[in-house]
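Me: Hi! Could you walk me through a structure, starting with the ligand and then moving into the protein interior?

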Amino acid sequence: MAADRPVLIAGGGIGGLALALALSQARRRTIVLERRAKFETEGAGIQIGPNGVHILRRLGVADALRATVGEPECIAVREGASGKLLAELPLGAWLSARHGAPYWVAHRADLHAALLGAVVDCGRVELRTGFEVASAAPTQSGVLATCATGKTVPGALLVGADGLWSSVRRLIAPAAQPVFVGATATRTVIPAPYDGPLAAPVVGLWLTPGVHVVHYPVRQGRDVAVVIIAAEPWQGTDWNVPADADISRTRLEGFHPALADVLTGARDWRKWALHHLAPLPTWNDGRITLLGDAAHPMLPYLAQGGVTALEDAVVLADALARAADLTSALAQYESLRRWRTTRVQQLSWRNGRIYHMGPPLAWARDAVLRLVPGARLMAGFDWLYGWQSPAPRGLSD
Ligand SMILES: Cc1cc2nc3c(=O)[nH]c(=O)nc-3n(C[C@H](O)[C@H](O)[C@H](O)COP(=O)(O)OP(=O)(O)OC[C@H]3O[C@@H](n4cnc5c(N)ncnc54)[C@H](O)[C@@H]3O)c2cc1C
């Protein structure tokens with residue numbers, strides 16, 4: 001692939017910025033085409049498993065981020081109505097020693113700002129905002145991306161890192177359509193309480209039939225990010241739609257007051273409709289490929305959608321650097337990523353069903369959580385958290 005032409009990246013989210021950084025390390029020029037007028041991040045918290053932290057280190061952003069993240073001691077799983085502790089799945093020093101990198105919890109804005117800062121500093125990435133990629137067509141030696149306004153930009157390759165509702169995916173797999181799963185994630189960030197379960201340095205997971213809540217400290221423990229996942233028919237496509245605080249309070253009625261009372265005062269709830277997408281027939285078409293949620297959107301029950309987008313970014317950058325030509329690079333990338341991301345998607349889906357079980361299945365689930373040591377349960381995720389990116393190499397043409 002001719003190294004003089006830039007790689008075009010549609011979308012400046014977690015995956016798109018990580019790819020721009022990984023390519024800049026291979027001395028490759030990129031143009032990030034972001035549809036929004038400026039780079040801002042909505043959302044609340046994000047959990048970054050050791051597989052993601054390894055990549056942030058490689059991309060040179062871990063140091064900038066370290067000051068803002070938390071390193072929770074465990075995932076504290078509770079029976080939601082009684083608040084009783086069912087299991088403590090070790091994170092902290094235990095997981096860090098196991099995989100050579102910690103488990104972090106961060107505010108999404110901090111992660112995005114760290115990636116963006118590194119992109120700006122690297123000097124090889126051009127950022128174009130207000131550019132909504134609407135279509136793309138092959139040219140004699142590359143690809144031409146067209147903005148919704150009609151503007152065009154040429155490049156060697158177009159990577160669709162444009163999220164769940166990807167326009168680039170429509171060029172590759174026009175029939176693929178995310179399917180609403182009948183639930184929403186409603187999120188807020190609250191000031192950290194002084195005591196009680198939400199003050200603990202843990203990822204808290206509270207389970208009731210059909211509704212679960214996740215919380216963890218962000219911004220050096222000053223705040224707590226909270227997500228409620230519950231059945232709801234609303235099917236919007238935006239990230240950042242205000243949610244009715246009264247409905248959130250109703251959802252919390254089945255939970256122990258140690259959780260519900262703390263969240264009663266929260267006013268600023270935002271919601272996001274959850275969608276599933278069946279595996280695509282292919283991720284590539286000529287000089288166009290996909291990455292992150294555009295290729296394999298994840299339900300949030302395993303907290304790995306952003307992290308797998310980071311993994312995609314370094315694998316794609318390495319394939320482009322190593323392979324003899326673009327076609328083999330993209331084929332190699334897809335074959336390295338498809339199996340793993342499908343497995344993560346499936347496990348995430350399964351986790352959601354387990355979280356929302358009602359009796360009698362929930363009793364069996366809770367018995368397993370009580371009886372099996374947390375370290376043994378976590379060891380079952382070694383394949384997930386133990387993944388490491390290949391070592392970076394120089395760019396071949
Ligand atoms: C409730 C919830 C909790 C989550 N928690 C976690 C977690 O703890 N850990 C984790 O790893 N993941 C988590 N995720 C998943 C994670 O948020 C996503 O998987 C991740 O953001 C995907 O990154 P991306 O770069 O592929 O897409 P996005 O982050 O969606 O970025 C896409 C970008 O493309 C831009 N764009 C869209 N269309 C166009 C276009 N046509 N042209 C140009 N630009 C365009 C958008 O404006 C955006 O900037 C969670 C998700 C949800 C819903």
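Predicted model: local features only at pLDDT ≥ 70, side-chain atom pairs only at ≥ 80, totals over all residues.

Me: Great. How many residues surround the ligand, and which are the closest?

Reply: The ligand is surrounded by 31 residues, and the closest are Glu34, Gln47, Arg187, Trp272 and Asp293.

Me: What is the distance from the ligand oxygen to the side chain of Glu34?

Reply: An oxygen atom of the ligand lies 2.6 Å from an N or O atom in the Glu34 side chain.

Me: How much of the ligand's accessible area does the protein cover?

Reply: On its own the ligand has 1,000 Å² of accessible area, and the protein covers 94% of that.

Me: Which elements give two or more residues to that shell?

Reply: Those are helix H1 (14-25), strand S2 (30-34), strand S3 (45-48), strand S12 (179-191) and helix H9 (305-322). H9 gives the most, with three residues.

Me: And how do the shell residues divide into nonpolar, polar and charged?

Reply: You get 12 nonpolar, 11 polar and eight charged residues around the ligand.

Me: Switching topic: how many residues are in the largest nonpolar core?

Reply: That core has 74 residues, and Leu19, Ile48, Leu56 and Leu158 are those with the most contacts inside it. H9 turns up again here, giving the most to this core with nine residues.

Me: Let's take Leu158. What does Leu158 touch?

Reply: Leaving out residues up to four places away in sequence, Leu158 touches Leu8, Ala10, Val133, Ala136, Val143, Val168, Arg287, Ile288 and Thr289. There's also a second, separate core of 36 residues, which includes Val105, Ala183, Leu369 and Phe381.

Me: One last residue. Where is Thr188 found, and is Thr188 buried or exposed?

Reply: Thr188 is found in strand S12. Thr188 counts as buried because its relative accessibility is 4%, and the cut-off for buried is under 20%.

Me: So what does the side chain of Thr188 reach?

Reply: The Thr188 side chain reaches the backbone oxygen of Asp268 at 2.9 Å.

Technical notes. Residues numbered from 1 in each chain as written. Heavy atoms only, no water. Near = heavy atom within 4 Å. Polar contact = N/O pair within 3.5 Å; in protein donor to acceptor, adjacent residues only side chain to side chain. Areas by Shrake-Rupley, 256 points an atom, 1.4 Å probe, with all protein chains shown as cover. Helix = DSSP H or I, 4+ residues; strand = E, 2+ residues; numbered from the N terminus. Nonpolar A, V, L, I, M, F, W, Y, C, P; charged D, E, K, R; others polar. Core = buried A, V, L, I, M, F, W, Y, C linked by side-chain atoms within 4.5 Å. Buried < 20%, exposed > 50% of the residue type's maximum accessible area, 1.4 Å probe, protein only. Contact = heavy atoms within 4.5 Å.
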